[in-house]
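The points are grouped by topic.

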Amino acid sequence: MIRVADLSLSIHSAPILHDVDLSIAPGQVVGLVGESGSGKSMTALALMGLLPRGMTRTGQIWLDDTDLAALDEAAMCNIRGRRISMIFQEPMTALNPVKTIGDQVAEALLIHGRANRNDALRIAAEKLARVGLPQDRFPLDRYPHELSGGQRQRVCIAMAIALHPDLLIADEPTTALDVTTQAQILDLLKELVAEDGMGLLLITHDLAVVAGMADHVAVMRKGEIVEQGDTETLFRTMSHPYTRQLLEASGHVPDGQAIPQDAPLLEVRGAVRDYPLPRTSLFGPAPQFRAVDGVSFTLMKGESLGLVGESGCGKSTLSRAILGLEPLQGGEILLNGTPIAPDMPPARRAGLQVVFQDPYGSFNPRWTVERLVAEPFHLLGSRPHDWRDRVRDALAEVGLDAAAMTRYPHEFSGGQRQRIAIARALILRPELIILDEAVSALDVSIRAGILDLLADLQARHGMGYLFISHDLGVVRSITDRVLVMKAGQIVEDGATDAVFAAPRHAYTQTLINAAPIIPPAWKEAQINEA
Amino acid sequence: MLRFVLTRALSLGLSLVVASLVIFAMIEVIPGDPASFMLGLNAQPETVAALRKELGLDGSLPARYLGWVGGMITGDFGLSYTYRVPVSELVMERLQVSLPLALFALCLSTLIAIPVGLVAAARRGNPADYAIMGATQLGIAVPNFWFAMLLVMVFAVQLRWFSAGGFPGWDAGVWPAMKALTLPAVALALPQASILARVMRSSLLDVLHQDYMRTARAKGLSVAQATRRHALRNALIPVLTIIGLQFSFLLAGAIIIENVFFLPGLGRLIFQAITQRDLVVVESVVMLLVFAVILVTFLVDVAYALVDPRLRRRR
């Protein structure tokens, strides 16, 4: 039993957490929901005693009869990993790349003096089998790089449960994973809670994930818990306006979508893209990996086309080929009837632009916003004399004022940067914009704003969108038609509503079933009330 | 792992072949004929003809190349024109000084740099870190011959702990020989250790912010345990690269220090050979140094694979 009472945190007198009260009973799953910067992760780090330096903390953290807040570092080392353990968001980097998975799981036992080396390895093997990594396929001497993201998260879970902790903290454990892998990891966590009777603090930004997992939910905003209670009751009543706002934003459907015309804009015919793999013999030809395998589709003018699939299915490879950044090994891609290839004239590139996922990494940090937004003009040979006016107009269209022009990207929030990226894509009035996971890194309320903006721009200028995402909910809300991609091939193609209502291909069905949802009955209460 | 070593060894062999071709071609493309180049402008035609014969310049290019390479493989590096002794003897004699000196300096620099870099990283932003960063900056800036002279003045002239220069040879015993190499090794190690300590510090700082360090702390490891068990090995990967580069440099680049301490090392040999236009010696010593550099690179590659399992491809 763990109970947090009046926990407050501040750094250099700036408040981070304010009077947080939370308790987690054995066998209970508590969901902690909120947007980025709301203090969810800081709450978890405070429980673990792993706060960044310079933090001031007040309040108590009771683990049974011990106040963890009063313990020194050595005593906390004894608690961490034994009584409270934690798994993190990014399984790809959470494991030491130069140590075997067996050693890393066994270390949890060794460090707390619970076993000698042989016993520790034996128990590590048991725990790995328990989390779905049996010894015959995943021996202890595997290294992390030999495992997928989901498998690595399982290793992290094995490590965390090795000593039967009273509490497991899972900080966005499935955010970096594909939807089917997410479903498996969530099932595993649920099973472990039920069998071991440990408490689980599940931190997530995704209301649908907590709806399916948690017994109790706390909603966090700006360092405060604004509402908490039994999961079903909380979803049915939603007494706090912020909770309601989160729910609305997460299922947001922009209105006023453009009507696609009956003229083809982008035609992809039998596209094939191969990559050379590392050589297996010194002189033989390098083996090839076919990332895109005979893909054909047509995108009409003014249409929003979704492309969904799990990581590694070839979505991004296909998008790079459509942008003319990489050559095809077979088939062709036509934009308005003219072929797209890496050696096409720059002016043709002006017809298609792209917005990427990461609003932090996709700008040169030393350029001003006006220079960033004006960059595509080089495709036309020279900047038009009125380029500053056009930059100002483009920024106005995405809802930023002219003062932004002389500022640098780091002065903007993630959502604002994504607006700048859209302005950059928009400035040449392209006919096609590729949105490669363009809203995946954004909080739900920011995401809703960007989706509205995209729909509005399309209604005004009639450009086509190719919307690439692993997030089915977003694709469902913004696209007219959807393609489902698996292992380099399009396995299903149809009107978005029809595909979601009655998926024909088994893989599409798996994807849709794996996506966590809030039970419709819980939402009905909301609608009726409204 | 075996496959990794074999492929690397094969690429080592290929690099050697290419390097030998380049060195041979460079000697051959020197304007005029090597014999008249070596003897200078005022040489008698008969002397040139005699040297041509001695160097075997009458044969065809491929035959001469094969003869040269074949000779080196069997340990016959030819006869030095100025010293009139086999080059292999000259080189072996000099290696007895240069190799231990390079190893000594490298050990010193590594033994100093790794703990120092570790302390600086662990105490980042504290006075200890600033002091170490300042000292390493100074270590890089100070010319090593000046530092060498300082060492001589303090430890040889004032304190009389070491001799000011010269090398007694290994026949005089290990201890006197090592003693003669100590001051030169310290002088050589100082800038190297300064660079290495900085690399170690920044590499460790990178690693300390990795997600797996947080995972280790969440398991219950203290900061010191997590650093020792998870950070060190990962931080060593860039450090290994620098160590490899430094060894190659120390082997042949110690010429100034060799001069300060009157040590008969490889650096001085090649310098003298160049000023005396002894092409036979130049050609062989350069090839030997290239061999040493390529061998060290190979060893560093193998060390990488030992440290980082991602580089050994299994199955």
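Asp6(A) counts as partly exposed because its relative accessibility is 41%, where buried means under 20% relative accessible area, exposed over 50% and partly exposed in between, computed with a 1.4 Å probe on protein chains only. The model is predicted: local features need pLDDT of at least 70, side-chain atom pairs count only at pLDDT 80 or more, and totals for chains, interfaces and linings use all residues. Residues are numbered from 1 along each chain as its sequence is written, chains are lettered from A and ligands numbered from 1 in the order in which they are written, and side-chain values use heavy atoms, with hydrogens and water left out.

- Asp6(A) is placed in strand S1 (residues 2–11) of chain A; helices (H or I, at least four residues) and strands (E, at least two) are DSSP runs, numbered from the N terminus.
- Although Asp6(A) is not a glycine, its phi is positive, at about 50°.
- Most residues other than glycine have a negative phi.
- Ser13(A), also not a glycine, has a positive phi of about 65°.
- The position of Ser13(A) is the loop between S1 and strand S2 (14–24) of chain A.
- With a relative accessible area of 70%, Ser13(A) is exposed.

**Cysteines**

- Over all chains, a search of the whole structure finds zero disulfides, a disulfide being a pair of cysteine sulfur atoms within 2.5 Å.
- Cys313(A) counts as buried because its relative accessibility is 6%.
- Cys107(B), at 46% relative accessibility, counts as partly exposed.
- Cys77(A) belongs to helix H2 of chain A and is buried, with a relative accessible area of 9%.
- Neighbours within four places in sequence aside, Cys77(A) is in contact with His112(A) and with Arg217(B), Gly220(B), Leu221(B) and Ser222(B); contact means heavy atoms within 4.5 Å.
- Between Cys77(A) and Asp480(A), 403 residues apart in sequence, the C-alpha to C-alpha distance is 54 Å.

**Thr338(A)**

- Strand S15 (residues 338–339) of chain A contains Thr338(A).
- Thr338(A) is partly exposed because its relative accessible area is 32%.
- Not counting residues up to four places away in sequence, Thr338(A) touches Ile333(A) and Arg348(A).
- Thr338(A) and Leu247(A) are 91 residues apart along the chain, and their C-alpha atoms are separated by 44 Å.

**Chain B as a whole**

- Chain B has 13 helices and zero strands.
- The C-alpha trace of chain B spans about 80 × 60 × 35 Å along its principal axes.
- Chain B comprises 315 residues, of which 44% count as buried.
- Among the contacts in chain B with a separation of 6 or more, 72% are between residues 24 or more positions apart.
- Chain B exposes about 16,100 Å², and carbon and sulfur atoms supply 70% of this area; accessible areas come from the Shrake-Rupley method with a 1.4 Å probe, and for residues only the protein chains shown count as cover.

**Second largest pocket**

- The second largest pocket holds about 1,200 Å³ of space. On a 1 Å grid over the protein atoms alone, a pocket is an open set of points with protein on both sides within 12 Å along at least five of seven lines, a cavity is a set of points where a 1.4 Å probe fits but cannot get out, and lining residues have an atom within 4 Å of a point. Grid points are joined across faces, edges and corners, and a volume is the space filled by probe spheres set on the points.
- Of the 32 residues that line the second largest pocket, the closest to its centre are Leu51(A), Pro52(A), Arg53(A), Arg217(B) and Val223(B).
- Helix H2 (73–79) of chain A supplies at least two residues of this lining, as does each of helices H5 (87–122), H8 (174–208), H9 (211–218) and H10 (223–253) of chain B.
- H10(B) provides the largest share of the lining, six residues.
- The lining of this pocket divides into 17 nonpolar, five polar and ten charged residues, with Ala, Val, Leu, Ile, Met, Phe, Trp, Tyr, Cys and Pro counted as nonpolar, Asp, Glu, Lys and Arg as charged, and the others, Gly among them, as polar.

**Cavities**

- The structure holds four cavities of 30 Å³ or more, and the largest cavity contains about 70 Å³ of space.
- Residues lining the largest cavity include Cys156(A), Met159(A), Thr215(B) and Lys219(B).
- H5(A) gives the most to the lining of the largest cavity, with three residues.
- The lining of the largest cavity comprises six nonpolar residues, three polar and one charged.
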